Amino acid sequence: MKQKDFVFNLCLLIFLNLLVKPFWMLGVDVGVQNSVGAADYGLYFSIFNFTMLFSMVLDMGTTNFNNRTIARNNQLLDKHLSGYIILRLLLAVAYFVVIFAVALLIGYRGFQLKLLFWIGLNQFLSAFLLYVRSNISALLMFKTDSVISVTDRLLMILFCGLLLWGNVTDEPFRIEWFVWCQTAAYLITIAIALTIVLRKASLRRLRWNRAFFLVIIKKSFPYALITLLMASYYRIDSVLLERLLTGDIAAEQAGIYASAFRLLDALVMIAYLFSVILLPLFSKMLKQKENVVPVVRTSFSFLFLFSVSAVVILYVCREPLIQFFYPEIMESSVAVFRLIIFGLIPISMNYLFGTLLTANGSMKVLNITAAVGIVINVAVNLLLIPRMQACGSAVASFCTQFTVSVLQFLLAMRIIGVPFSSLPWVRCLIFIVVLVPVAAIVPNILHLPLFWQLVVLASFALLLGFATGLLRIRDLRGEMIRR
């Protein structure tokens, strides 16, 4: 693949997601929370993150393993497709047994269990969709995958938008409707994606193959473990908040944390999109013994510029931004947001160096770093939640992500051989030194509405990226990636 093709496909994927997912997360999702209240949404958010903790059971690492395998050997798609579909249905049964058993043990009852069923079903559908998409991206059909990546959210926006603002019902919006809209959107998107894959693969019927299941699970287990560990230290904060605190304050603090976390999660999605393209690309390049350093450098520059710019700009504009979305909990949400937003920088780097290590098959060291992350996350949460509540979880989140990021970066240099000097450290430093004071001064001088403040600062950051050399025209027009 040419580097310019990599950049084009990446830009297309980001562009489509920027058109759709911010409106979903910051429009519809915020609208739902404001409609049902912080407590009801906090319950949903806590259960959602609870189901995420056991996502390993749904996937068992098969999505990343399949993506890496098919990217290296396209001809295996016909052979593997039937077995993977049956396997994932079996894993879904195991997943529901696990989440309901644990939920009953920790005290979920009544409406909580009802909501758990539907959210669990959505987790299965989401995981199945990601598996189907892994085949599309492994075949390097990045344009098609880009469209599929936003189809489910487009449908969710349509369904939820009608219920929130379409005056189609006289009843107040209920949190269950939000979950059911997601179910319908996932089902439709899976049907579309599966149709595309079946056109590329020969699948006459689903076949039971016990030997295949055991082999795939054995080979995928390291990928499953990293999924479990990463989901744990990324999602467990709100679960600990809701379980460690008592009374109404538990759900309320979970809701406040969710309001700040949502903005971070929306930005993390941009970094995640890099990994969607980088995993199959790195896998193929490493197999063919091509030099990955040019792609690493380009990706690092983009991710650094994006994450640092977003953190600086949103930190400066945090109060009007939070007030716009959450006027009723503005003060509490700002306190959490100003702490948690810094996690965007290490998370973005994790999606680069963690993906590179995954493509290389370095799962043992990745699992060790993730285990370290869990220990830090749980320890800091247990220490700070009783005293700082949601702010304590925000501190725990940043400490965890920063530690894991540093470890993965050092491992990528040692195992893959990415030279420290190949990354633009001086340009990064100049970028920060110039951006921070300008971002702090501009809002006080121009006195613009929030939207135009964001536009001006983002435009300045982009121009500064070109001026410092973080973004280079030759990277955007890059020639063939040399060996």
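In which kind of crossing, left-handed or right-handed, does helix 11 pass helix 18? In this predicted model, the crossing of helix 11 past helix 18 is right-handed. Two packed helices are described by the angle between their axes and by the distance separating those axes. For helix 11 and helix 18 the angle is about 145°, and the axes lie 10 Å apart. Helix 11 contributes Leu305, Ser309, Ile313 and Leu314 to the contact, while helix 18 contributes Leu454, Leu457, Ala458, Ala461 and Gly465. Sorted by class, the residues of this contact comprise seven nonpolar and two polar ones, with no charged residue among them.

The buried residues in question are Cys428, Phe431, Leu435, Ala439, Val442 and Pro443. Helix 17 itself covers residues 425-446, and its 22 residues should span 32 Å at 1.5 Å a residue; the C-alpha atoms at its ends are 31 Å apart, in agreement with that expectation. Just after helix 17, His447 adopts a positive phi of about 50°.

Val418 counts as buried because its relative accessibility is 3%, which falls under the 20% cut-off. When residues up to four places away in sequence are not counted, Val418 touches Val296, Leu356, Ala412 and Met413. Between Val418 and Ser232, by comparison, there are 28 Å in space from C-alpha to C-alpha, and the two residues are 186 residues apart in sequence.

A further element, helix 4 (residues 62-72), is largely enclosed by the rest of the structure, because nine of its 11 residues are buried. The buried residues of helix 4 are Thr62, Thr63, Phe65, Asn66, Asn67, Arg68, Thr69, Ile70 and Ala71.

Charged pairs were considered next. Side chains of opposite charge can pair when their charged atoms come close. The count of salt bridges in the model comes to four. One of them is formed by the side chains of Arg133 and Asp145, with a distance of 2.8 Å from N to O. This pair links distant parts of the chain, Arg133 lying in helix 6 (residues 111-138) and Asp145 in helix 7 (residues 142-165), 12 residues apart. Both Arg133 and Asp145 are buried.

Another salt bridge joins Glu171 to Arg174, with the closest N and O atoms 3.1 Å apart, and Arg174 also forms a salt bridge with Glu176, for which the closest N and O atoms are 3.2 Å apart. Through salt bridges that share partners, Glu171, Arg174 and Glu176 are joined into one network. The members of this network can also be described by their accessibility. Glu171 counts as partly exposed because its relative accessibility of 45% lies between the limits of 20% and 50%. Arg174 is likewise partly exposed, with a relative accessible area of 30%, whereas Glu176 is buried, its relative accessible area being 11%.

How values were computed
Residues are numbered from 1 along each chain as its sequence is written. This is a predicted model: local features need pLDDT of at least 70, side-chain atom pairs count only at pLDDT 80 or more; totals for chains, interfaces and linings use all residues. Side-chain values use heavy atoms; hydrogens and water are left out. Helices (H or I, at least four residues) and strands (E, at least two) are DSSP runs, numbered from the N terminus. Buried means under 20% relative accessible area, exposed over 50%, partly exposed in between (1.4 Å probe, protein chains only). The expected span of a helix is 1.5 Å times one less than its number of residues. Axes are lines fitted to C-alpha atoms, for helices over the stretch in contact, and angles run from 0 to 180 degrees between N-to-C directions. A crossing is left-handed if the near helix is turned anticlockwise from the far one by less than a right angle, and right-handed if clockwise. Contact means heavy atoms within 4.5 Å. Ala, Val, Leu, Ile, Met, Phe, Trp, Tyr, Cys and Pro count as nonpolar, Asp, Glu, Lys and Arg as charged, and the others, Gly among them, as polar.
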